[in-house]
Amino acid sequence: MKKKVFSVVMAAAMMSTMLAGCGGDNGNTASAPASSSAPASSSAAASSSTPASSAASSQTSQSTEPVTLKWAIWDQETTQYWNDIKEAYEASHEGVTIEMVDLGSTDYMTVLATELSGSGSDFDVVTIKDVPGYATLVQKNAILALDDYIKNDGVDLSQYAGATDQVLVDGKLYELPFRNDFWVVFYNKDLFDAKGVPYPTNDMTFEEYDALARQMTDTTFGSQIYGTHYHTWRSAVQLFGVLDGQHTILDGEYSAFQPYYEMVLNQEADGVCRKYTDLKTEGLHYSAAFSGGDVAMLNMGSWFIATMISNLQSGEYDSSLCGNWGIVKYPHAEGVEAGSTLGTITGLSVTAASDTPDAAWEFVKWVSGEEGAAVMASSGNFPAIMTDEVKNMIAGLEGFPADAESKEALSVSNLYLEVPYGEKVSEINSVLDSYHGSIMTGEMTIEEGINKMNEEVKKIQGN
């Protein structure tokens, strides 16, 4: 444990030093986390005057008045970065104790909203899992607007690649993202090598992607190879239609989805990908599909990178089936910049009930800043701030693909949130989910399903 605390804090300090040495990506020293040497009771930090504690204490001064921050999270036992963040923050912030409360991942935001609705809530910091849940907490006045803190500390929001602009509520921001996952294409190099087909590239149009998937497909019974794979989420199909930056799921008019439904359903009919109905019936998870070694390409979020690395190292995945893998950027429509992709953010907010909102804000700022980014990257997870140094850390992890294209795939040109903020986003999500299923099962034609989406969402929006 001592070694782990030291290594995580050291990673954060090294990241802070590297960024300072190159002038930083945001040109902002005021947003650096407030840090100091670790408490004497921590033997890992007490052995230090280490470079980590020196770098941390050089940022800004930190009050040593003892404070405990109660932090709402989920899945503590299976998510390494929660404990990494806690240990690194406590080691570099004297007198601060982070008390994590695991609310579980099932219905996390609903449970959190219920907790914060009670007059006895004593959470100081809460993790925001999704935008619909964020909207609910804002509407309940359960979390604080952070704009004054952001302005006073000079936090540069441009470092979040436009993500914060998409969760503004009446011009105000109630969360800072610390994790950002975006969609890429995973591919099985051995399958491409076996057919002598060039690997996918970081600049594929949808036409090129479809042609490549078809080229990789083998429908021979007993030796099937699927050129690509789509999980059953609506996002795996619908979100192709918002990559142009002109459309969102809040539009109320969804004709932009049509060409992508046509592409995927045609691929199903031709055996290029597994059928939606089969996946639903069998309950086949995307991870099992790709790790089984018969899928050439998989559209999935960057969170799957850490899963691939850890499961191959542990032996849970058979390396002879999927051990030679890589990633490339998401395909794009003609005229859309390569590297445009969809993303989801995980954020932190300060509760309205907190007795120590200033200390809670310092924690939110640190986790969402450059030092927190280094802690996230050290375990192969994707922080909201993706500097060159963070990309190098992720690409340098043991088990990450060694090819230059996979590293380049970590660079995003345009990040559009799968679900931007909207007052009735939960209801809109439900409608789009429902009619996605109707289209994919053949219950409705593509045109019928999209017409119903348009009709029902306009009702929700009062149009």
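Accessible areas come from the Shrake-Rupley method with a 1.4 Å probe, and for residues only the protein chains shown count as cover. On that basis the accessible surface of the protein comes to about 18,600 Å², and 48% of this belongs to carbon and sulfur atoms. This is a predicted model, in which local features need pLDDT of at least 70 and side-chain atom pairs count only at pLDDT 80 or more, whereas totals for chains, interfaces and linings use all residues. Residues are numbered from 1 along each chain as its sequence is written, and side-chain values use heavy atoms, with hydrogens and water left out.

The protein has 21 helices and eight strands, where helices (H or I, at least four residues) and strands (E, at least two) are DSSP runs numbered from the N terminus. Of the 463 residues in the protein, 57% are buried; buried means under 20% relative accessible area, exposed means over 50%, and partly exposed lies in between (1.4 Å probe, protein chains only). Contact means heavy atoms within 4.5 Å, and among contacts between residues at least 6 apart in sequence, 76% join residues at least 24 apart.

On a 1 Å grid over the protein atoms alone, a cavity is a set of points where a 1.4 Å probe fits but cannot get out, while a pocket is an open set with protein on both sides within 12 Å along at least five of seven lines, and lining residues have an atom within 4 Å of a point. Grid points are joined across faces, edges and corners, and a volume is the space filled by probe spheres set on the points. The largest pocket has a volume of about 1,500 Å³, and 44 residues line it, with Lys129, Arg179, Asp181, Trp303 and Thr344 lying nearest its centre. Elements that give two or more residues to this lining include α4 (80-92), α6 (131-139), β4 (176-188), β7 (340-350) and α20, but the largest share, seven residues, comes from α14. By class, the lining of the largest pocket divides into 14 nonpolar, 20 polar and ten charged residues, with Ala, Val, Leu, Ile, Met, Phe, Trp, Tyr, Cys and Pro counted as nonpolar, Asp, Glu, Lys and Arg as charged, and the others, Gly among them, as polar.

A search of the whole structure finds four cavities of 30 Å³ or more. The second largest cavity has a volume of about 60 Å³, and α11, α12 and α20 are the elements that give two or more residues to its lining. Among the residues that line this cavity are Tyr230, His231, Glu268, Arg274, His436 and Met440, and the lining as a whole has seven nonpolar, three polar and two charged residues.

Helix α20 covers residues 425-440 and contains Ser438, which at 7% relative accessibility counts as buried. Leaving aside neighbours within four places in sequence, Ser438 is in contact with Glu443 and Met444. Helix α20 is also among the elements that cover the buried residues of α21, as are α10 (235-238) and α11 (258-269). Those buried residues are Ile446, Gly449, Ile450, Met453, Asn454, Glu456, Val457 and Ile460. Asp75, in the loop between β1 (67-73) and α4, has phi near 50° and is partly exposed, with a relative accessible area of 26%. Asp107, in the loop between β2 (96-102) and α5 (108-117), has phi of about 55° and counts as exposed at 52% relative accessibility.

Finally, Leu144, in the loop between α6 and α7, and Ser354 are 210 residues apart in sequence, yet their C-alpha atoms are 9.7 Å apart in space. Setting aside neighbours within four places in sequence, the contacts of Leu144 include Leu173, Val350 and Pro357.
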